[in-house]
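Here is a short report for a first look at this structure. Start with the sequence and the 3D view.

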Amino acid sequence: MKGSVNSIETFGLVDGPGIRTVVFLNGCFLRCKFCHNPETWCIGDMNYTTSDIVSKCLRNKPYFKRNNGGVTFSGGEPLLQYDFLLECCKRLKEENIHVAIDTAGIGLGDYSELFDNIDLVLLDIKAIDRESFIDITGVDKFEEFMNFISLLNNSGIKVWIRQVIIPGVNDNEDYIIKLSNFIKNNIRNVERVDFLPYHKLGNEKYTKLNIVNPYIDKEEMDKNKCDILYQLFLKDFK
């Protein structure tokens, strides 16, 4: 089986526990205003087999064992290449490798078999209500996001939440309290919540790809303010 892979990063340190190999799959239904990987939106050539992926990941297995690392599938949206993703995860689990997916929960498949073959979900929260979700992502898929959460809850898999904090959009106390309540009321098995300050590192990609960047004039998120909001979140989330 072949899949469309944008890139493979070795020795990743921010995409799950320990040292990780991160496989970036192409394809995504969303067009998030803050996206810094627009080059992954479209599925291109099927350039890797599952054996290719497993072989590359196994090279780093000694490092995984030393610090509880593993493999993370990101994107784009890895769920969009569901069959390829599932087969890769199955084969990696046969090798006793910790497997995570970084997802917005918008893809293809019923996910039940996938959940049997992964250890962790890094769940990207785009918005916490339908209107805001459409505004941020450009598509009306909030109910699909909520359905994924329901399936994820039933799986019992551990969850790490990721929330991008954007100046003038969600960098306020009101949103932070609502986010806390949303997670507490809707998502189970949450081990960790991370705030990711919005940055402009992907701006050059939009220019190169001749894609309109809706946040071309948006300032980067002040990291100190982001830290203050995170402390507020932690206080309310307890």
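**Whole chain**

The model is predicted. The protein chain holds 9 helices and 9 strands. Its radius of gyration is 17 Å, close to the 18 Å that the globule rule gives for 238 residues, so the chain is as compact as a globular protein of that length. Some overall values follow.

| Property of the protein chain | Value |
|---|---|
| Box filled by the C-alpha atoms, along the principal axes | roughly 45 × 45 × 35 Å |
| Buried share of the 238 residues | 49% |
| Accessible surface | about 11,500 Å² |
| Share of that surface from carbon and sulfur atoms | 47% |

Contacts reach across the sequence. Of those with a separation of 6 or more, 73% join residues 24 or more positions apart. Charges come next. The chain carries 29 positive and 34 negative side chains. The centres of the two sets lie 5 Å apart.

**The core**

The largest nonpolar core has 67 residues. Phe73, Leu123, Ile125, Phe145 and Phe182 touch the most other members. Helix H3, residues 82-94, gives the most to this core, with 7 residues.

**Lys178**

Lys178 lies in helix H7, residues 173-186. Is Lys178 buried or partly exposed? Its relative accessible area is 46%, so Lys178 is partly exposed. Asp236 is 58 residues from Lys178 along the chain, and their C-alpha atoms are separated by 9.9 Å.

Methods:
Residues numbered from 1 in each chain as written. Predicted model: local features only at pLDDT ≥ 70, side-chain atom pairs only at ≥ 80, totals over all residues. Heavy atoms only, no water. Core = buried A, V, L, I, M, F, W, Y, C linked by side-chain atoms within 4.5 Å. Buried < 20%, exposed > 50% of the residue type's maximum accessible area, 1.4 Å probe, protein only. Helix = DSSP H or I, 4+ residues; strand = E, 2+ residues; numbered from the N terminus. Rg over C-alpha atoms; globule rule 2.2 N^0.38 Å. Contact = heavy atoms within 4.5 Å. Areas by Shrake-Rupley, 256 points an atom, 1.4 Å probe, with all protein chains shown as cover. Lys, Arg positive; Asp, Glu negative; His and termini not counted. Charge placed at Lys NZ, Arg CZ, Asp CG, Glu CD.
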